[in-house]
Amino acid sequence: MKSSFAPARRRLLAATLSLAALAGMPSAHAFSEAGQGWAGTWGTAPADAAPKNPETFTGQTVRLVVRSSIGGGKVRIRLSNELGDTPLRIDAAHVALRTSGAGVDTASGRVLTFGGRPFVVIPLGAPVLSDPVDLAVPAQADLAVSLYLPGEAKAATIHGNAFQTSYVSQPGNFAGAATFPTQRTITSWPFLTGVDVMAPGAGTIVALGDSITDGSNTTRDANRRWPDVLARRLQAARAKAPDGPAGVQSVAQLGIVNRGIGGNRLLRDPGEWPPFGRAVLARFDRDVLATAGVRHVVLLIGINDIGHPGTGSMPAAEGPTAEDLIAGYRQVIARARTHGIAIHGATLTPFEGTTFPGYFTAPKEAVRQAVNQWIREGGEFDSVIDFDRALRDPARPARLQAKYDSGDRLHPNDAGMAAMAEAIPLEIFSGAKVRQR
């Protein structure tokens, strides 16, 4: 007599075999690419839009210009509505190598899709990754990422100080257009927060900090921020290998992603001025852990924690002690190490005589000195980068050297940025094991 359970057993066996087959089947999408060489070649940190008059686009295309740090054979982008309060619709997206101005190399142009569709609606509070496309991206190349925004789109999620010119079209979809009908230019990066390349064996350095990392007062469209200069140093050293600096020849190719935000702090959100961005402790997961291929963090943060309190409407009571800042640094160190990321501590740069009223005082300088002593001598970071020593005036160590001053006695100029990048020992990125506590 046939068992009444036979059909059920056959269905169960068929399902089991199907699952087994699927388990062994290579996927054409994300599963086949996991861990196979995505690295950040460019990135920025989103911050809230200015409270008044946020950048708004109405049925227009934005063409955003960014500079790659490393090359790769495939590319994808990360878009963000993480600080938005309504869904964001993008009806077309495109990437190409930029020629000059708003022009692109049409042969390099690629339509970007999202889950196989040419459009995407990004929920409020969310990021999205585009599908990968084949495109040979050289190191140190300008990329043009074009987004068509139907209807009205307010750039609630934006990096406001790009120090790079990008382009806004007349009304219409010009995402893939070789000739871009520019209506106006902007010096911000709305919605776009990352560009990744597929480069097997590569990794990423995240530069995490404030306006000094962001590149305030550097020459527009010249890529003179210290992370830019460091990217060029790494490329030059690799080109000379094995005759480069000790350890460099054994370093994988490393992209650099700049997560600096002007006005940013370690411990506190900005409160009155949202474009200063969430505190590093609040944005660490988004801006570091979510970065493709991250292996290293260079942390330069804390000068605004010290300088902001007592200026404008910022309460003096928000001023931290050195111990407060050290506790915050220890949190960043611990969170990086949990994920096997090496973290390199940078000393806070001089700011005596700054033109910002109330920003510098003798007690604030005492906090900076105590923090720098701990960074140098505490032994808790994987390495120390002494930006203070690189920039300070030997005759007046609390001040920037005049040749490195952009004019406000706080932010380094192009030469100061170059000096910062030169002060970074390249061997710290050689792949040494992360120090365990």
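1. R63 stands opposite Y167 in strand β13. The two strands here, β3 (residues 56-67) and β13, run antiparallel and are joined by 2 bridges; strands count as paired if DSSP finds at least two bridges between them. Strands are DSSP runs of E with at least two residues, and helices are runs of H or I with at least four, numbered from the N terminus.

2. This is a predicted model, in which local features need pLDDT of at least 70 and side-chain atom pairs pLDDT 80 or more, while totals for chains, interfaces and linings use all residues. Residues are numbered from 1 along each chain as its sequence is written, and side-chain values use heavy atoms, with hydrogens and water left out.

3. On its other pairing, β13 is joined to β14 (residues 182-186) by 4 bridges, again antiparallel. V168 stands opposite R184 in β14. Within β13 (residues 166-169), S166 and V168 point one way, Y167 and S169 the other, and all are buried (under 20% relative accessible area, 1.4 Å probe, protein chains only).

4. R76 lies over the face of W38, at 4.2 Å from the ring centre. The criterion is NZ of Lys or CZ of Arg within 6 Å of the ring centre and within 35 degrees of the ring normal.

5. The structure holds 10 aromatic pairs, where rings of Phe, Tyr and Trp (its six-membered ring) pair if their centres lie within 6.5 Å. One aromatic cluster is formed by F351, F356, Y359 and F360.

How values were computed:
Phe/Tyr/Trp six-rings, centres within 6.5 Å; stacked < 30°, edge-to-face > 60°. Buried < 20%, exposed > 50% of the residue type's maximum accessible area, 1.4 Å probe, protein only.
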